[in-house]
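Please keep the sequence and the structure in view while reading.

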Amino acid sequence: MSDDSDIIGGVGLDGVAPGLFVGRGAEAARLADLLGLDASTPGDATPGDATSGDSGSGLVLLAGDAGIGKTRLLADAASRARAAGWTVLVGHCLGEAGRALPYLPFSEMLGRLETQDPTAVERILTVHPHLARLFPSRRRDLDIAGTIERAELVEASHAAFEDLARQGPVLLVVEDVHWADDSSRDLLTLLFTRGFAGRVSVVASYRSDDLHRRHPLRSTLAHWSRLGALHRIELEPLSDDAVRELIRGVQPERSGGGAGSAASDALSEDQVRAVVERAEGNAFFAEELVAASVLGRTGVAEDLSRLLLVRFDQLGASGQHVVRLASASGRQVTHALLASVAGLSDSELDEGLRDAVERHILVPTESGGYAFRHALLAETIYDDLLPGERVRAHERYADALTADRSLGPWADLARHATAAGRRELALGASIRAGDSALAMGGPQEAWQHYQLALSLMPDDHPDADRVSLRAAAAATAKGQALKGLELLQTRLARRGAHGDVGGRADLLAALAATARLTESMLDTLAMTKEGLSLLDASDEDHPAERARLLGAHVQALADRGRDEEAARAADEAIAAAEAAALPEVADEVRVVAARVLERAGDPEGSRVSLERIIAETGTAGDTAQVRAYHHLGSLHHRLGRLDRAMDVYLAGAEVGLAAGRRWAPYAFDCLLLAAVAAYEAGRWDEAVDLLEVGEDCPPQPAAALLTGVRLYVEAARGGSGWQAALAATRPWWDADGLVAVLAGSAAIDLHGAAGDLRGAISAHDDVVAELTRLWQPHFQAQLRIGALLLGQLGSHLQRTPTAERAELLARGRAAVEAGESAWELAAAAGQGGPESTAWRARLRAEGLRLRWLSAEPVESQTLVAAWQDAVELFDTYGHRYEAARSRARLGAALRAAGDPAAGPVLQAALDVARELGAEPLRAEIREAGGERPTVPRRPAERLGEALTAREREILTLVARGRSNREIGMQLFISAKTASVQVSNILAKLGAAGRGEAVALARERGWLD
C-alpha cells in the first residue's frame, strides 16, 4: 500500500473490496469509463473502441493533493476490473529510498503476477528473458556482470503486457508517480505514448501538491500533457456533505467497532462541524481529525502532523523562518505585515517566500499576500513552534500592528497582544475589534471579541457596563438571547446597586428588552420602573438612558395587555428618543404602538403605520425595520392573508440576513413564520425549502424551531423516522414555548398516525404542562393541541378496549373545557382572529365527534353543522390541510346520516390530500369509504413507458418528501436540474403538484 494516505477506511488495492466510499461517484464513474471497465464483457471492446470511454484510450493520469482520496478511487477501479475478469497489476513508487531502485513499481507488478499466475510468467520470460531482471525472485540467479540497454528492457516490458492481454484485459495501476525513479518515468512515457494493440489500460496517480518548480516529474508531465490519448482527472476536495457522511461512517470503526461504543464515542454536532471545517474536503485529514476528536484531542493527529511537515522540512533556512512567522498569523498574512515582522532583507524574504510557494506550502493571494495551502498546515507548523518562539512571533506582530495601524484590523492586534501576554493592549484592541465587527454585521465575531475583553477587565473597570451591554447585544443578534440575558444578569449582580446611575439604568433597560425575547420569569415592568426611578433621583441628566428605558417600559406595558397605558407612554418615549438622537429607539416604540393599535381593533391603521416605518427607516436591516416586517407579516397572517404574509416575512428575513443578523430575533422569526404560512397555504415543498439553511448551522433554540416546522410537514405527509428529530427538540421546549407548540402539535399527530394513542396523549400533556409553567394555565395554543388530541381520541376510540373508553371520554371533555377557557382569554386580549376562530370550531366539532363515536346522544344535524362551521372557517383562513381534514370528517358525518352529499364532500377532501401528498388523511378517507379510483388522464401503460429509469428514481425521492436540493445532492445533479426533472415528471403524469404525482404513481403500483 502507498504511504500517500489517500485511503478511506484503510482499504487498499491488493484485492480488497472497497469499503466506505463517499462523494466520489462521478469521478469513479468517469475513471471506470476512461479505463474501459464498463464494457459488458471483457472481450466486448478494446481500449481504442469508442464504447470504452470518452475517447477510449484507457490511459489516465489521476492527480490530487495528499490525502484527497486517490488511493480509494483506484481501489474502486481495481475492484470493478477484477469483478469484470480483468488482470489487475498494482505497483507503488516509494520516497527517497525507492528512487534508488529502477523500475520499482513494475518490478512489484511482475512479482505479484508471478504469485497470481506463474504459468503466464514462464511464458512471458520464454519470449522476453531480459525481463527476469524485474522479477524480485529471479534477480539473484542472474549474472550481475551482464548488462542490458534500457531501451531493450522498456520494449520488453511493453511487449510483455501486450502478450498478457491476449489472455484477457489488463489494468496497470501505478501509484505515487511523484516519487518515481527515472527509469519508471521513461517506461510510463513509452506506455502512454505507444499505447497498446490489446486490451491494456493504465492509470497512474501522483500528488499535485508535491510538484515544486524543480520537481523532476514536472517536465515529464509537460510531455505527457501533449499526448492526445492520455486523459487526466484532478480530484477536487470533497463537499461538506460528503465529509459529514464520511465522518458518520468512520466513527464506529475509530471507536472500537461495536454499536455501543460507537454511540458512546459519537462526535457532537459541534465536533462534526469543526472536523468538516478543518478538513477542507480532504478525506484523510477528516479521518485523522475524527480519531483525534474521539480520543479527546483538540490538536492535529500525529500521523497527520508527520504528513503535513514533510514539505516544510524540505525548505531552506529563510523559507522555514518565513513560514514559521506566517503560521503565527493564521491561515494568511499580507506581504507588508510579514515583511515588517520577518526581520529579513528584501532578497532573503523573497528567497524564503519563493521557496515556500514552490513547495506548495504558501500560495499567493489576490490581495497581494500569502495563504497556507491548507489551514491544517498552518496549524501544524504553529503547533511545532517552541513556546518561546510563539511568544516572540506574536510580540513582533503586536509591535508592527501598533506602530502602523494600516497593517491589519483591530482583531489581529487583539489576538497577537493576547498571545504575547500584553493585557492592556489586548483589552483595548478587543473592544475596538468588537465594535468594528458589530458595525459590519458580524455579531458572532463581535461576541467573541467582547468576551475576550470582559475576561481581561476587572469588575470595577470603567468600561465594564458598556462592554457588557454590547456583548449582550451581540449575543442576541446572533440568535442567543439567553446568553445575553445571562451576561446582563451577571453584570448587574457584580456591579451592585452602587456606581454610575446611567450604567445601571442602561443595564436594566437592556435586561428588560432581552428578557422578553426569552421565556424568562423576570418582571420586566419592575425593571423599567426601577431604572426610571433611579434617573429621577439622580442629579445628572441621562437623556439616552431615559429614552431606552421608556422604550422598554412601553413594551413591558404592552406585554401585560395594558394597552391604553402603553399608548400614552409611547408618545413620551418617542419624543425622548428623538430628543436624544436615537431614531432606532423611536422606531421600535412606533412598532409596539402599531401592534397595540391592531389589538385595539384597527388593523388597517396598524398596517399603514408599519409600512411607513419600513419605508422611512434610515438604515436597512436595523432592528426596528426587521421588527416592523415581522409585525406586518404577522398582521396579514392573523387575518388569513397567507400569501401576502409570506411575502412580507421573506422580505424581513432577507434584510435581516443582509445585515448579518440571520438568527437575531424577528429576522429569524420572519423566516420561521414564512415556512409556517407556506405549510398552512398548502405550499409544503416551499416550506421545506425555506427550512433548508444550507451550510449555516443555526444556534439553539432556532434549530429546534426549524425542526418543529419540519415535523409539521412530516406529520401531515405521514413521514417516518421522526422520533430522533422530535427527541432533539425536547430539551428546548422550556427555552422557547414556540418549540413546544410546534414540535408538540406535530407529535400528537405523528404518534396517532403510528397507532400510538398513549404517545399522542403524553405529547399533549407534556405541551400543556410546559406551557402552563411558562405562560399561564390557559393559553391560545390549547385550541389547536386540544383539537388535535380530540381528533386522535376519536380516530382510536373504536380500537380501544371498552373498559378504557370512559377515560378517553373524560380526557376529551377536559380538552374541550380547556380550549374554551383559552378562547375566552384570547378573545379578551384581542387575539381571537380567523385562525383561533377556526380552531375553536374544530375543537367543538371534534368534541361532538368523540361523543358521537362513543354512542352518546348527539344529533346528526348538530354534528354536521359543527363540521360545516370548521370547514368554512378553515377555508376562510386558508389552511388547506386542516380544511381538507375537517371536510373529510364532515363527509364521514354526512355518510353516517345517509346524506348523498357525503360523496362529493369526501372527494373534495381526497383531491386536496392527493395534491398535498397527505397520506394519513388519505388513509382516513379510505377508511370512510371515500377514496375511489381516479380515471387516469392518459393510459397507464403509456404513462409507465413515459417515465425513464432516472425519472422513476427521482419520483421515489419525491415520495420520500425530499426537496429539489436534497434530490440534487443524492443524485449528484444541481438543484436546478432536479427542479426541471420534477417538472417533467409532473407534466408526463398530468399532475398538478408533487403530492398528486406521488398519489398517481402509487395507484399504479410504481412506488412501494
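A512, A513, R516, T524, A552, Q555, A556 and D559 line the second largest cavity, a cavity being a set of points on a 1 Å grid over the protein atoms alone where a 1.4 Å probe fits but cannot get out, with lining residues having an atom within 4 Å of a point. Its volume, the space filled by probe spheres set on the points, is about 30 Å³. Helix α25 supplies the largest share of this lining, four residues. The lining divides into four nonpolar, two polar and two charged residues.

The model is predicted, and local features need pLDDT of at least 70, side-chain atom pairs counting only at pLDDT 80 or more, whereas totals for chains, interfaces and linings use all residues. Residues are numbered from 1 along each chain as its sequence is written, and side-chain values use heavy atoms, with hydrogens and water left out.

The largest cavity has a volume of about 50 Å³. Among the residues that line it are Y679, Y712, A716 and Y881. Its lining comprises seven nonpolar, one polar and four charged residues.

Y679 and Y881 are also among the residues with the most contacts inside the largest nonpolar core, which has 97 residues; such a core is a set of buried (under 20% relative accessible area, 1.4 Å probe, protein chains only) Ala, Val, Leu, Ile, Met, Phe, Trp, Tyr and Cys residues joined through side-chain atoms within 4.5 Å. Helix α31 (residues 667-680) contributes the largest share of this core, 12 residues.

Technical notes: Buried means under 20% relative accessible area, exposed over 50%, partly exposed in between (1.4 Å probe, protein chains only). Helices (H or I, at least four residues) and strands (E, at least two) are DSSP runs, numbered from the N terminus. On a 1 Å grid over the protein atoms alone, a cavity is a set of points where a 1.4 Å probe fits but cannot get out, and a pocket is an open set with protein on both sides within 12 Å along at least five of seven lines; lining residues have an atom within 4 Å of a point. Ala, Val, Leu, Ile, Met, Phe, Trp, Tyr, Cys and Pro count as nonpolar, Asp, Glu, Lys and Arg as charged, and the others, Gly among them, as polar.
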